[in-house]
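Dear colleague,

Please find the structure below, handed over for your review. My notes on selected contacts follow it.

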Amino acid sequence: MTAPLRIATRKSALALWQAEHVATLLRQAHPGLVVELVPLSTRGDEILDRSLATIGGKGLFLKELEVAMLEDRADIAVHSLKDVPAELDEGFVLSAILPRADAADAFISNHYKSIADLPNGARVGTSSLRRQAQLRALRPDLQLLDLRGNVNTRLAKLDDGHYEAIILACAGVDRLGLSHRITLRLASPDWLPAPGQGAIAVESRADDARVRDLLAVLNDADTLLAVNAERALNAQLGGSCAVAIGAWCVVAEHGLTLHGMVGNAATGDLLVAQADFAADKPVELGHEVAAMLIAQGAAEFLKPQR
């Protein structure tokens with residue numbers, strides 16, 4: 001009998017939804033395969049009173065899941081790709097990238113229809129420096145306040161009157177059946193998402209050939225091209241939670257178009273660039289747009305902002 005495939009996942013409703021979604025796809029692709037969830041708590045979930053930039057960045061959502069794989073308590077881990085650092089720790093690979101959902105950010109407010117409609121000095125909740133930089137560029141008068149916790153916690157804080165609006169990822173809100181809460185979808189390229197936003201990634205040990213073979217069927221070719229370009233840009237710029245970087249790649253018949261942004265969350269200054277490349281060169285495209293941003297002076301923006 002084939003050994004069960006064990007999925008390490010965070011315990012939030014969204015993480016569990018994503019892990020169960022991957023489990024369902026694997027059961028469909030491999031009839032007879034037993035798939036089990038291994039829910040775990042991560043430091044990123046436990047420390048909610050400080051921004052990710054100050055407590056160690058996105059890797060805090062991965063570490064406990066990777067330890068579980070190293071200790072043979074799990075075989076794979078399921079992540080929102082936007083939470084996966086540009087460079088993985090040695091010994092791990094992303095073995096599957098699923099078809100991308102809506103990559104846009106969601107403007108959510110109970111009283112206002114858009115960022116432009118917010119009153120002077122309105123309180124907007126987001127801990128993302130990328131979102132803060134773009135908000136500051138549009139509305140320097142706004143009060144930008146930290147917002148941590150799972151999707152339902154963040155919505156509850158909005159409903160309790162702590163903010164006039166909050167910014168979340170559309171994909172997470174949609175996956176939880178809460179699309180009706182989205183006031184406005186902030187569309188690219190005018191508003192850029194995080195690299196990889198909207199995509200689900202499956203991580204495994206690099207040396208586990210059986211698992212990598214099982215996961216290969218889940219890969220979506222177009223999503224893989226797009227996020228490889230975005231993550232190559234992010235890696236080239238040294239992307240982390242401590243800097244504001246946005247990226248959005250469009251896959252079309254002519255090839256790939258990548259939009260990139262580096263911002264300053266304190267001032268609202270933004271640098272933007274875009275380029276086109278052949279569809280078989282996503283990494284080169286990411287490096288090209290990163291070079292264009294650096295040529296505009298991005299190095300000054302890439303110093304840790306918190």
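Which side chains meet lysine 63 in a salt bridge? The partner is glutamate 66, at 3.8 Å from N to O; a salt bridge here is a side-chain nitrogen of Lys or Arg within 4 Å of a carboxyl oxygen of Asp or Glu. Please note that this is a predicted model, in which local features need pLDDT of at least 70, side-chain atom pairs count only at pLDDT 80 or more, and totals for chains, interfaces and linings use all residues. Residues are numbered from 1 along each chain as its sequence is written, and side-chain values use heavy atoms, leaving out hydrogens and water.

Lysine 63 and glutamate 66 are 3 residues apart in helix H4, so about one helical turn separates them; helices (H or I, at least four residues) and strands (E, at least two) are DSSP runs numbered from the N terminus. Lysine 63 is partly exposed at 39% relative accessibility, whereas glutamate 66 is buried at 4%. Buried means under 20% relative accessible area, exposed over 50%, and partly exposed in between (1.4 Å probe, protein chains only).

The structure holds 17 salt bridges. One of them joins arginine 6 to aspartate 75 (3.0 Å, N to O). Arginine 6 belongs to strand E1 (residues 5-10) and aspartate 75 to the loop between helix H4 (63-70) and strand E3 (76-80), so this pair ties together parts 69 residues apart in sequence. Both residues, arginine 6 and aspartate 75, are buried. A network of salt bridges links Arg6, Asp72 and Asp75.
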